[in-house]
Amino acid sequence: MQKRILGRTGRTVSVIGLGTWQLGGDWGAVTDADATAVLAASADAGITFFDTADVYGDGRSERLIGQFLANGASGAEITVATKMGRRAEQLPENFVLANFREWTDRSRTNLGRDTLDLVQLHCPPSAVVESGEVYDALDTLVSEGVIKNYGVSVETCDQALAAISRPGVATVQIILNAFRLKPLEQVLPAARAAGVGIIARVPLASGLLTGKYSHETVFADSDHRNFNRDGSHFDVGETFSGVDFEVGLEAAIEFTALAPVGLTPAQAALAWVAQIDGVSTVIPGARSVAQAQANAAAGVTEPLGVAFNEGVQDIYDRLLREQIHPRW
Ligand SMILES: NC(=O)c1ccc[n+]([C@@H]2O[C@H](COP(=O)([O-])OP(=O)(O)OC[C@H]3O[C@@H](n4cnc5c(N)ncnc54)[C@H](OP(=O)(O)O)[C@@H]3O)[C@@H](O)[C@H]2O)c1
């Protein structure tokens, strides 16, 4: 497993991490036993970065990670990034020190850690990303030892650039995958120049890039790929990366044809993100041990090469750019 420095945290993490939204909810049912097995298989495969949030299953994802770390021998080496801010109404006045204390205290309890490794603002409104007082409050938590580092998870490239310009921001989490190329233009160069880590989320476009779905695929009622297809529950960019499902199926067929021999389309998709200069870690979500193991294996692949990169760009330009580029 390749390792990278996670931006201004200075911590070394695996280039393939694990996203654990699936272990909380919104992706259909995952049992406690299956969730714990995914965490264990990931750690066994060399993954040392877990991404979670206080709202995933209303704390279930954090609690499962906390239990795993308490029981597991490998726990001490794993960096856990959580997120806060989505348990309150998305109003700038809610992003204040008193609430940050309450939210981080809950996450510290859930995760069983006195000091949180990395806390990310969870896609807050732009006014929050741009507020000096918000960062002052986060600096206070660092000075008190409540958190070691903070970062911002964002929806848009403009928000990413605003976060990167702040001296205390250690990491930015953003959607970056073969169907979401805009961050390559300004966000990655700015992050590299500033030494801010990039956590690449939704790297499989919610599974579209695996090439395994068809027009007949049905997602469970409790799966956001069913109930948030129109963005009625949260930003539609988080579901299939904002790509219309039918268009995405067509693009996925073309992407699958690019995958080199020996790699599944999912592994090619992850390896492609991992090879981008400035990406610190790529965080696919996994619902099973087999998925977690296959994803970890993408952290040891050779560079994909010029023809692959050109193929990705061509698919994006012809099928997706018009829909995606102006929005995020
Ligand atoms: N606002 C935010 O900050 C935010 C928003 C979204 C996500 N995230 C983070 O980013 C992480 C990753 O994004 P995501 O989970 O939304 O999307 P993703 O990683 O692009 O897609 C995950 C889905 O891909 C499929 N999959 C994964 N590995 C596979 C494999 N090896 N073979 C076949 N299928 C595979 C599974 O689909 P099936 O379930 O159909 O098997 C899985 O549920 C999340 O878990 C979360 O930690 C953060």
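This is a predicted model: local features need pLDDT of at least 70, side-chain atom pairs count only at pLDDT 80 or more; totals for chains, interfaces and linings use all residues.

Trainee: Let us begin with α1 and α11. At what angle do their axes cross?

Mentor: The axes of α1, residues 32–44, and α11 come within 8 Å and cross at roughly 20 degrees. Angles under 35 degrees count as roughly parallel, so α1 is roughly parallel to α11. The crossing of α1 and α11 is right-handed.

Trainee: Which residues meet there, in α1 and in α11?

Mentor: From α1 come A37, V38, A41 and S42, and they meet V289, A292, Q293 and A296 of α11. By class, this contact of α1 with α11 has 6 nonpolar and 2 polar residues, with no charged ones.

Trainee: Why would residues a few places apart in a helix point the same way?

Mentor: An α-helix has 3.6 residues a turn, so residues three or four places apart point the same way.

Trainee: Now α3 and α5. How do their axes cross?

Mentor: The axes of α3 (residues 97–111) and α5 (residues 132–143) cross at roughly 45 degrees and come within 9 Å. That angle makes α3 oblique to α5. The crossing of α3 and α5 is right-handed.

Trainee: And what meets what in α3 and α5?

Mentor: L97, F100 and T104 in α3 meet A137, L138, T140 and L141 in α5. The contact of α3 with α5 holds 5 nonpolar residues, 2 polar residues and no charged residues.

Trainee: Changing topic: how many residues of α10 are buried?

Mentor: Helix α10, residues 265–274, is mostly covered, with 10 of its 10 residues buried. The buried residues of α10 include P265, Q267, L270 and W272.

Trainee: What covers the buried residues of α10?

Mentor: The cover of α10 includes the strands β9 and β10 (279–282), together with the helices α9 (245–258), α11 and α12 (306–324).

Trainee: What about V202, where does it lie?

Mentor: V202 lies in the loop between β9 (197–201) and α8 (224–227). Phi of V202 is near 50 degrees, a positive value in a residue other than glycine.

Trainee: Is V202 buried or exposed?

Mentor: V202 is buried, because 28 other C-beta atoms lie within 10 Å, and 20 or more are needed for that label.

Trainee: Which value does phi take in S206?

Mentor: S206 has a positive phi of about 60 degrees, although it is not a glycine. S206 also lies in the loop between β9 and α8. With 26 C-beta neighbours inside 10 Å, S206 counts as buried.

Trainee: Then N177. Which loop holds it, and what is in contact with N177?

Mentor: N177 lies in the loop between β8 (169–175) and α7 (187–194). N177 is buried, with 26 other C-beta atoms within 10 Å. Apart from its neighbours within four places in sequence, its contacts include V202, P203, L204, S241 and A269.

Trainee: How far is N177 from E89?

Mentor: Their C-alpha atoms are separated by 29 Å, and N177 and E89 are 88 residues apart along the chain.

Trainee: Last topic: which residues come nearest to the ligand?

Mentor: Of the 30 residues around the ligand, G19, W21, L204, G207 and G285 come nearest. The shell around the ligand divides into 12 nonpolar, 12 polar and 6 charged residues.

Trainee: Which helix gives the most to that shell?

Mentor: Helix α11, residues 289–297, gives the most to the shell around the ligand, with 3 residues.

Methods: Residues are numbered from 1 along each chain as its sequence is written. Axes are lines fitted to C-alpha atoms, for helices over the stretch in contact, and angles run from 0 to 180 degrees between N-to-C directions. Helices (H or I, at least four residues) and strands (E, at least two) are DSSP runs, numbered from the N terminus. Angles under 35 degrees count as roughly parallel, over 145 as roughly antiparallel, 65 to 115 as roughly perpendicular and the rest as oblique. A crossing is left-handed if the near helix is turned anticlockwise from the far one by less than a right angle, and right-handed if clockwise. Two residues are in contact if their C-beta atoms, placed from the backbone, lie within 7 Å. Ala, Val, Leu, Ile, Met, Phe, Trp, Tyr, Cys and Pro count as nonpolar, Asp, Glu, Lys and Arg as charged, and the others, Gly among them, as polar. A residue is near a molecule or strand if its C-beta atom, placed from the backbone, lies within 6 Å of it. A residue is buried if 20 or more other C-beta atoms lie within 10 Å of its own, exposed if 12 or fewer, and partly exposed in between; C-beta atoms are placed from the backbone.
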